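Colleague: I am new to this one and would like to learn how to read it. Could we go through it together, feature by feature?

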Amino acid sequence: KTAMQVVWAQHVAERGRVLILAPLAVAEQTVREARKFDVPIAYLREDDEAHRIVITNYEMLSHFDPAAFAGIVLDESSILKAFDGRTRTAIIDAFRETPFRLACTATPAPNDFTELGNHSEFLGAKTRQEMLSEYFVHDGGSTADWRLKGHAREAFWTFVAGFAAMMRRPSDMGFDDAGFILPPLVEHHHV
């Protein structure tokens, strides 16, 4: 995931600056990974406007002007999960006009419709509310009780496939799985 977002950022940086938002513990790791691909990424806590690709942690978003960036990457984009969260709303509002947006997560939630709706809204496909009203029925008083309309099932997943991709192994993208598939786990029980 890190390699993909780094190379994506490198290509978008040809058109303008790129900001990567990541959890605090991930930022330095991303800078190290980027060096393997000769992609310079600056880890900053406030913008200095001198670097093409910048990474910072989510909590430092207010120290950056979203309009200064042509691209945004959300590392661990499951931060968008809470539909009423302040961070979720701040991110979506801040980058609504950003032309290039990438949301990356290693923990997709294909049955969490709220999270899919938030990703859809962040990426500019449909707002969460538009997605829910088009493809879902609201069951009951809880805001979390949404059920996919039976006749809309195929249309909904076609819509999701228009802004999302999921890969489990290199062969999902046409590459060789050699070295990726782990050997069978051998367990030894000692009493």
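Modeller: Gladly! The protein chain has 6 helices and 7 strands, where helices (H or I, at least four residues) and strands (E, at least two) are DSSP runs numbered from the N terminus. Along the sequence, the pattern reads α-β-α-β-β-β-α-β-α-α-β-β-α. This is a predicted model, in which local features need pLDDT of at least 70 and side-chain atom pairs count only at pLDDT 80 or more, while totals for chains, interfaces and linings use all residues. Residues are numbered from 1 along each chain as its sequence is written, and side-chain values use heavy atoms, leaving out hydrogens and water.

Colleague: What box do the C-alpha atoms of the protein chain fill, and how many of its residues are buried?

Modeller: Along the principal axes, the C-alpha atoms fill a box of roughly 55 × 50 × 40 Å. For burial, we use relative accessible area: buried means under 20%, exposed over 50%, and partly exposed in between (1.4 Å probe, protein chains only). The areas come from the Shrake-Rupley method, and only the protein chains shown count as cover for residues. Of the 191 residues here, 39% are buried.

Colleague: Which helix is mostly covered?

Modeller: Look at helix 4, where 10 of its 11 residues are buried. Among them are Phe113, Leu116, His119 and Phe122. After helix 4 comes Gly124, with a positive phi near 85 degrees.

Colleague: Now to charges. How should I read a salt bridge?

Modeller: Here is the general idea: side chains of opposite charge can pair when their charged atoms come close. The cut-off is a side-chain nitrogen of Lys or Arg within 4 Å of a carboxyl oxygen of Asp or Glu. This structure holds 8 salt bridges. In one of them, Glu33 and Lys36 meet with N to O at 3.1 Å. Glu33 is partly exposed, since its relative accessible area is 23%, whereas Lys36 is exposed at 61%.

Colleague: Which salt bridge links distant parts of the chain, with Lys81 in it?

Modeller: Lys81 pairs with Glu115, and their closest N and O atoms are 3.4 Å apart. Lys81 sits in the loop between strand 4 (71-75) and helix 3 (86-94), while Glu115 belongs to helix 4 (residues 113-123), 34 residues apart. Lys81 is partly exposed, with a relative accessible area of 41%, but Glu115 counts as buried at 4%.

Modeller: Arg88 and Glu121 form a salt bridge too, with 3.0 Å between the closest N and O atoms. Because Arg88 lies in helix 3 and Glu121 in helix 4, the pair ties together parts that are 33 residues apart in sequence. Arg88 counts as buried at 9% relative accessibility, and Glu121 counts as buried at 15%. There is also a network in which salt bridges that share partners join Lys1, Asp75 and Glu76.

Colleague: With which side chain does Gln5 make a polar contact?

Modeller: A polar contact is a pair of N or O atoms within 3.5 Å; within protein, one must be able to donate a hydrogen and the other to accept it, and residues adjacent in sequence count only if both atoms are side-chain atoms. The side chain of Gln5 has such a contact with that of Asp75, at 3.0 Å. Gln5 lies in helix 1 (residues 2-12) and is buried, with a relative accessible area of 0%.

Colleague: How do I read a surface patch?

Modeller: Patches are made of residues with over 30% relative accessible area and no salt bridge: like charges are joined within 9 Å, and nonpolar side chains (Val, Leu, Ile, Met, Phe, Trp, Tyr) within 5 Å. Lys and Arg count as positive and Asp and Glu as negative, with His and the chain ends not counted. Each charge is placed at NZ of Lys, CZ of Arg, CG of Asp or CD of Glu.

Colleague: Which residues gather in a patch of negative charge on the surface?

Modeller: Glu46, Asp48, Glu49 and Asp65 do. Asp48 is found in the loop between strand 2 (42-43) and strand 3 (53-57), and it is partly exposed at 38%.

Colleague: And which residues make the nonpolar surface patch?

Modeller: Met4, Met167, Met173 and Phe175 make this patch of about 420 Å². Phe175 is in the segment after helix 6 (153-161) and counts as exposed at 55% relative accessibility.

Key: Areas by Shrake-Rupley, 256 points an atom, 1.4 Å probe, with all protein chains shown as cover.
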